[in-house]
Every structure is written in structure tokens, then in C-alpha cells.
Amino acid sequence: MKNNYEVAVIGGGIQGAGVAQACAAAGYSTVIIEQSDWAAGTSSKSSKLIHGGLRYLETAQISLVWQSLKERNTLLKIAPDLVKPLEFIIPVYKHTKRRPWELRAGLYLYSLLTGLSSLSRFKCIPSNNLLRQKNLQTTFSYWDAQTDDRLLTRAVINSACELGASTLRPVKLISAAKTGTGYQLSIGNQKGPQTIHCQFLINCAGPWINYVMDTISPKPTQQAIDLVKGSHLILNEQISDKAFYLESPIDQRAVFLLPWQGQTLLGTTEGPFNDDPNNVTVSACEIDYLLSTADYYFPNINTTIIDQFAGLRVLPTGTSTAFTRPRECILHQEKSHPRLLSLYGGKLTTYRYTSQQAMKAVKKALGKRKVIANTAKTKLTMP
């Protein structure tokens with residue numbers, strides 16, 4: 001096993017995969033280290049959407065939406081087998097918090113931010129017969145995209161490998177000690193401990209990010225974070241080939257009902273999580289919350305649950321609701337650890353943009369290398 005690399009990436013979710021691909025494409029010798037399996041954590045437990053985030057316009061995160069839509073358009077081009085356009089339906093009822101004029105204004109801005117694209121159009125459409133008809137005022141249609149998050153992550157990992165990156169899995173980081181030229185990493189699995197050295201260390205461990213920080217010496221500072229649980233249900237039947245953007249009748253949060261592999265994906269919840277990330281599960285209260293939303297809007301559908309999963313978002317600590325907090329990835333670096341970069345949070349859609357931002361820190365520390373590929377043009381294929 002090679003034991004010297006220019007860049008070591010900790011974490012095999014979509015952020016780690018994207019960073020490893022970007023580093024390899026930029027010409028750096030790179031290794032990505034994952035403790036279990038690719039996309040085993042949050043990156044396989046999302047809503048499976050490649051989208052701008054229409055609801056983030058409410059909190060004025062316009063730059064995030066614009067960048068997300070730009071990345072959505074890129075992914076539709078470089079991963080056409082993995083990222084597919086999907087039509088969304090928004091029903092508006094007499095009691096709906098967001099009024100028709102507000103939604104029309106938001107969709108118009110969303111369309112402008114999308115740019116010249118076949119997915120920029122939106123319109124009012126006739127009522128969908130599946131929906132509850134009482135007090136239904138109008139129905140909007142717009143476009144975003146959907147992916148298999150696990151397969152997308154593995155496709156990015158495969159691309160990183162094709163560009164020269166090495167992978168170590170399943171391997172756990174035991175410790176990382178700062179040296180004069182980077183970091184000495186102690187890693188291990190059932191075969192026992194091993195040591196590798198890297199010139200630059202990137203922490204992409206998602207909900208485990210501060211666990212990784214605790215293994216590093218001298219100990220770096222950490223961002224204060226909250227873990228927010230998002231739970232999803234898989235329903236037995238595919239209700240529609242279109243997606244529905246719903247407003248929970250309980251707290252007016254956004255809930256998606258999506259077609260998914262011949263079945264229906266229903267999610268997500270948004271609640272605090274204070275346990276070990278390895279112990280995240282769907283609660284009975286969350287099941288009731290999601291099913292009550294589905295039953296309210298679709299009174300005649302079959303809501304038999306055949307599967308369920310929960311993932312964790314990493315958000316900055318705050319007293320406000322999770323919805324109002326910024327969703328941009330925080331790239332954390334400090335003077336005492338100039339060759340350590342930690343990625344807090346981030347969205348599935350913008351993984352490639354985030355990796356390009358991380359590359360700026362790598363280039364500043366190590367200098368430029370001969371570029372091998374441009375990830376904005378590198379095709380991603382089904383693994």
C-alpha cells in the first residue's frame with residue numbers, strides 16, 4: 001500500500017467523493033478514506049433531489065439557490081443517466097400559508113435564476129385528480145431534477161479513481177498528528193493499524209466531522225454545530241410520476257411526495273438530534289407527521305410503508321429554526337492548522353462547487369499541479 005499522498009480526504013459521502021475527484025482532476029496524488037461504505041451516511045438518506053431549493057428563497061438565500069441551479073444544470077449534462085428532470089406540482093388551498101401571488105413571485109425568481117434552460121418554465125395547471133379538491137384554489141407546475149444519491153456518490157468515487165485517486169475502505173481514522181510537512185495518519189481495520197502521510201488533510205466526515213477533529217493533534221478548534229434529523233418513508237405504491245411540493249397541515253413546513261423506483265418517497269422531517277450519528281432512526285412521531293400530511297392531501301391513496309430511513313444535516317448552532325439557518329457549506333480552516341480543511345454541512349446538489357472551493361485551499365498550500373480534467377465536463381456514468 002502506498003503511504004505518501006499529497007491530499008488525504010476523510011469521509012466517503014458525496015462531499016468527500018467530490019473533493020477527492022476535484023483533487024485528482026487537479027493533478028494531486030489523493031487518497032479517500034471511508035470507515036464503512038460509500039454514501040453509507042447522509043449521502044444515501046436524502047430526498048434524492050438535485051434542485052435549487054425553491055423554499056430557500058423565503059430566507060433570502062438567493063446566491064445559494066442560484067449556485068444550486070447552476071450545478072443542477074451541469075449535473076444534468078454530465079450525468080444524464082443518473083440525474084433526471086422531474087416535474088413538481090404545488091397545490092394551493094384556501095388555508096395554505098404561501099398565497100398564490102407569493103408562489104408565483106417565487107417561481108418567477110426561480111425561473112430567472114435558472115437561466116436559459118428547458119427547466120426554467122413554470123405555469124398554472126388544471127387540478128390533479130389525486131389531490132383533495134375541497135378549498136383547492138390553484139395548482140402550479142415547475143421543474144427540478146432527481147437522482148439516486150448513493151449511485152451518484154459511487155459514480156463520483158469511480159471518476160476520482162479513474163483520475164488517479166486511491167481509496168481505502170472500510171478503514172477508520174484512529175489519529176492524525178500534525179508534522180512539519182503535513183499529517184501522519186494512523187488508520188486501521190480488521191487487518192490492524194497502518195500509517196500514511198499526507199501533505200494536506202480534508203475532513204469531509206459529515207455528521208462525524210467533530211469526531212474526526214477530536215482525533216487530530218494538536219487539537220484544532222471546531223465549529224459549533226447542530227445535527228438535524230430528516231426522516232423519509234417509502235410507500236408501497238407509486239402515487240404519481242410527478243413530484244408534489246406540499247405544506248404540512250401541522251406546522252406549514254415543506255414536505256415532498258416523490259416518485260421513487262416504482263414506489264413513493266415521502267419526506268422530510270426536521271428535528272434536533274443529540275445522539276451518536278450511528279444511532280439515527282425514524283421515530284413514531286415522524287411517521288405520524290409524514291403520513292398525516294400524505295393523508296390530508298391524498299385521501300384515497302395507499303400509505304403502506306415498506307421502508308424508512310433517516311439522515312442528519314449539519315447546521316451552524318443557533319436558536320432559530322433549522323429552516324431559517326444558512327445551508328451553505330462552511331469551509332473551516334485556522335492558522336495553527338494551515339493544511340487542515342474541514343467541510344461543515346453542504347448540499348447534495350452543490351457538491352462539485354464545494355469541492356472547487358476546497359481546491360483553492362489546497363492550491364494555496366501546495367501550489368498548482370498539471371490539471372488532468374475539468375469536473376464540470378467529466379462524464380459520470382452508472383457504477
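Which residue of β6 does Lys123 stand opposite? Lys123 faces Ser141 in β6.

The model is predicted, so local features need pLDDT of at least 70 and side-chain atom pairs count only at pLDDT 80 or more, while totals for chains, interfaces and linings use all residues. Residues are numbered from 1 along each chain as its sequence is written, and side-chain values use heavy atoms, with hydrogens and water left out.

**View 1. Strand β6 and its cover.** Strands (E, at least two residues) and helices (H or I, at least four) are DSSP runs numbered from the N terminus.

**View 2. Pairing partners of β6.** Strands pair if DSSP finds at least two bridges between them. Strand β4 (residues 83–93) pairs with β6 in the antiparallel sense over 11 bridges, and Val92 has Thr138 as its bridge partner in β6. Strand β3 (residues 49–50) is antiparallel to β6 and joined to it by 2 bridges; Leu49 stands opposite Gln146. Strand β5 (residues 123–124) is also joined to β6 by 2 bridges, antiparallel.

**View 3. A nonpolar surface patch.** Ile62, Tyr108, Leu109 and Leu112 make a nonpolar patch of about 380 Å² (residues with over 30% relative accessible area and no salt bridge, nonpolar side chains Val, Leu, Ile, Met, Phe, Trp and Tyr joined within 5 Å, like charges within 9 Å; Shrake-Rupley areas, 1.4 Å probe, only the protein chains shown counting as cover; salt bridge, a Lys or Arg side-chain nitrogen within 4 Å of an Asp or Glu carboxyl oxygen). Helix α3 (residues 100–114) gives the largest share, 3 residues. Leu112, in helix α3, is exposed at 53% relative accessible area.

Key:
Buried means under 20% relative accessible area, exposed over 50%, partly exposed in between (1.4 Å probe, protein chains only).
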